[in-house]
Amino acid sequence: MKKQNIPEPVPFKFGKKLKTYLGIAAGVGLLALLIAVFLQQLPSERIWANLWMNALMFLFLGLGALFFWTVNTLGESTWQINIQRIMESMGLTIPFAVILFIVAFPGLKDLFEWTHTEHLDKILQKKEAYLNFPFWLFRFAVYFGLWSFFAFYLRKISVKNDFEPYEKFLARLRATSGWFMVIFAITSSMAAWDWLMSIDAHWFSTLYGWYIFSGMFVSAVAVIILITIAFRHFGILPNVNAEHLHDLGKYLFGFSIFWAYLWISQYLLIWYSNIPEETVYYVERVNNFGTIFYVNVITNFLFPFLALMTRGAKRQQLYLAIVAVIVLMGHYLDLYLAIMPGAVGRENASIGLLEIGLPFFYLAAFLTLFFIFFEKAKPVPENHPYFIESSDYENI
Amino acid sequence: MGAIIYGHFTDELELLDAVKELKDKGIRIADVRTPFPVHGLDAALKFPRSHLPKVAFVAGVIGGSLGLLFQVWVFTKGWPLNIGGKPHLSLPSFVPVTFELTILFAAFAMGIAFLLRSNLGPGKIPDILDEEVTNDHFQVILTVKNNSLSEVELAEALAATGALDVKQVNEEK
Amino acid sequence: MHVSPVREPLINGEKSYSDITNDVMAPIKAKPGKLWFAGLTVSVIVMLIGFAMIGYTVWFGIGTWGVNRTIGWGWSITNFVWWVGIGHAGTFISAILLLFRQKWRTSINRSAEAMTIFAVMCAGIFPLIHMGRLPLGFFIFPYPNTRELWVNFNSPLLWDVFAITTYFLVSLLFWYFGLIPDLGTIRDRMKTLWKKKVYNFLSFGWKGSARHWHRHESMSLILAGLAAPLVLSVHTIVSFDFATSVIPGWHTTIFPPYFVSGAVFSGFAMVLTLMIVTRKALNLQEYITVGHVESMNKVIIATGSIVGIAYITELFMAWYSGVEYERYAFMNRALGPYAWAYWIMMTCNVISPQLLWIKKLRRNLAFTFVLSIFINIGMWFERFVIVVTSLHRDYLPSSWSMYKPTIVEVAIYMGTFGLFFTLFFIFIRVFPVIAMAEVKSVARSSARKFLGKPVKKQKTKNQ
């Protein structure tokens, strides 16, 4: 085993320069919103849909990271321990997503037609027991309550081991991860139905929850890659080497293919059976949002498939970062396609200043919270029993 | 007449050390034979990366294209049929077979390339010098042909690395 | 590579490389015992009865089965999907666990892959015979003919032909190429001349050359990368047989990943059933340890939970859709004439694997053995429920009918067990049940006590 000289880590400081950049980004986002509302005077559904879309993307990053951490813990895998603190800190942003969702609540009537209880058609009446605001709100609270609890509790266990390593540490982490996994599986699907599928309330697809999950996961992996590369570049995580990048690249590659697999499963089955109440979903998208529809598949499948196929591609920092950025934007586009046709419609939906600018605010908010949490703990869990294994392995 | 000098180790770590030593002395190693792939041996012997993945990729592209184009031809030119109202160029339907043929071609092309490149196959007789290589011996083989040293010098060098049972065989490899 | 001391050892006892060779080769060298002969005989007899019944079906027609209008698929397709599902574990273990660097796969992958190939062979019988005119079975392949007819590329049944054929061939390739080095080991250990010649032929001239190993590893990694999506695609395409239809209970978008999870679920259960017995019978407990069983149980609980969540999702979505046919289909499953099958399925598939959250049970071999059989029973009933309940009552009540298998169908199903076990009994005698080379490669890092030279001697001696 080559024993390179691993330099001392540069301690992470959430300093003035970083805060200024984030402030500028937030400002750009807010400016885009203000221009959209006051100058361009865009229709309100479009504004609310954008707020909704960004809140979801914000949540997906944290939730996807929490899932990634816990599933690796359950699988007794160890390579990810060197970047575990990144995933932990991302997970801690989940409770704050609540605020971003609530900010969009005034737009619920625009987004969801089932909220218009005065004139529900026959189909929506049949769904009323589930799609009604009080029950919906209750579920909203339950999802966030549970996810936030796990994000904080898992973090607590992890940080506790830094200072007082204890015997039951791994077992506690595994057990908690197990509980989270079951709860996540159920709540993530239900959240996808509540917050996305019910925008097209007359439509349904049993695969939908898993499909949204796959996009969530790939987005989170892309952001983990970007943060890991940044930290590696600035010497904050000197133990992270090409092997870790390779593994992260494998996940980006593999799960982009998994996303595409779920995409084609849903599309092919609905296309093949040609049942009108199902096909209406895709007809709307292919006819009225055609370019974005196909760009979505190319950016989220064809591009990462070809770009990340070779071994070398996954081990090169800059290349991997660029691919991750493009894929992240691609999944944002996927979310756009999930929301805009149903919430806004062809005449008013478009990729404009608002769609491009607003994400900067949410990105800045996400990173601000992330950096605050990352600073609070050691950059790597050095007392983790698998820590050495994490730094000492090789890919073929 | 080429002489072949060989010896073995009972431990892969010793083998790695020996290989590094021999390489440092500038001796060209004809072959190293092990019961399992030894981690780090490829790097020590400075093997170039195998080209089999490229074979798989090219074959996969060929297989996928053949599959897709054939289906398109069958349903647009060969005998277009109305199956459940689907268009003749029913691309979503063509995805499964295209995918399967891609994998089939890639896998088999690579497998056959592996056998051809390594000169393995049904009926091939291997030149086994030490039957225990497939059990627990890690064998290093040197030839006079590859090196500018004599048999005696090679044998000495090999023995100096700690190899056991250094033998010589005077056959053409 | 560093392996944390906290990890459970993968090999128990005190082993050296030659111990591994001898332990795994023992069943091949030894004379088969009475139990093996008995097992093989029973398997062969059952298999021949099944084949006879297949002949009977081909001669007298599908009328000898219980299928009718509207239930054109009964036991035949249930069995087909069941066997294909079981055949998923092998490639999952070899390919996906290889990609995830799970070292524990090394002592079970050989048998699991063999089991996959045998299971796919059993599965393939059903689509062939259920078409009725078996001698014309070659019609399913696209070959140029004077009628200028081609196969229907728009049909999922044809996609199946390609998927199963590809899966069978690629699994065979993966299994065999992994076997080659071990066949070399056996060749060099065999003393009887005719056996040595046979293994010489089978081992393709393998000599353990480092260059060959390098290519072999590279090839295995690529094959794993190819086989992983292949495994997913095969049962996905099988699920398309149902999901591309329009009938309630069949047409639902969750089928592809749900079927794949179910397949891995049942496959691992079958691997466990076989391995728990094999490890005892062939004295390989130190290689197929309780830790291995626990790891497999973890996969079972993961995939079993996914299957359970899929059931709940389907149920919810049937209600949520508001479509009365969809709602009725699920009410009928739970409360209609086949409700007994539905509840067996729910108990075996959803409730019983959840017990594996308890560590003590995960590491209990007797419990695992019984559970694995229940899981496979449950998965059979899952396919039966899907196939039969959606066919026996769909949109038009005047067409509703019932289905019962005939003794011919049951005998054919039993016959496939005969085929499966015949092949498996032969396999354990002729081929190494454990991948020797792979286990040796993890022995130093993961054995409880590895009997090799001590790790490092003083550098100064050679410098």
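Select B:D11 and C:R444: the two form a salt bridge, with the closest N and O atoms 2.7 Å apart. The term stands for a side-chain nitrogen of Lys or Arg within 4 Å of a carboxyl oxygen of Asp or Glu. This is a predicted model, in which local features need pLDDT of at least 70 and side-chain atom pairs count only at pLDDT 80 or more, while totals for chains, interfaces and linings use all residues. Residues are numbered from 1 along each chain as its sequence is written, chains are lettered from A and ligands numbered from 1 in the order in which they are written, and side-chain values use heavy atoms, with hydrogens and water left out.

Next, show the whole interface of chain C and chain B. The rule finds 5 salt bridges across it. It also finds 26 residue pairs in polar contact, both residues at pLDDT 80 or more; a polar contact is a pair of N or O atoms within 3.5 Å, where within protein one must be able to donate a hydrogen and the other to accept it, and residues adjacent in sequence count only if both atoms are side-chain atoms.

Helix 8 of chain C gives the largest share, 19 residues.

Now select by contact (heavy atoms within 4.5 Å): 65 residues of chain C meet 70 residues of chain B. About 6100 Å² is buried between these chains, 64% of it on carbon and sulfur atoms. Buried area is the accessible area (1.4 Å probe) that two parts lose on being put together, summed over both.

Move to chain B and chain A. Here 9 residues from chain B and 9 residues from chain A are in contact, and the buried area is about 820 Å², with 71% from carbon and sulfur atoms. Helix 4 (residues 91-118) of chain B gives the most to the side touching chain A, with 3 residues.

Finally, colour chain B by domain, using bounds from an automatic or database domain assignment: domain 1 (4-49 + 128-169) and domain 2 (52-118). Their C-alpha centres lie 45 Å apart.

Definitions and conventions:
Helices (H or I, at least four residues) and strands (E, at least two) are DSSP runs, numbered from the N terminus.
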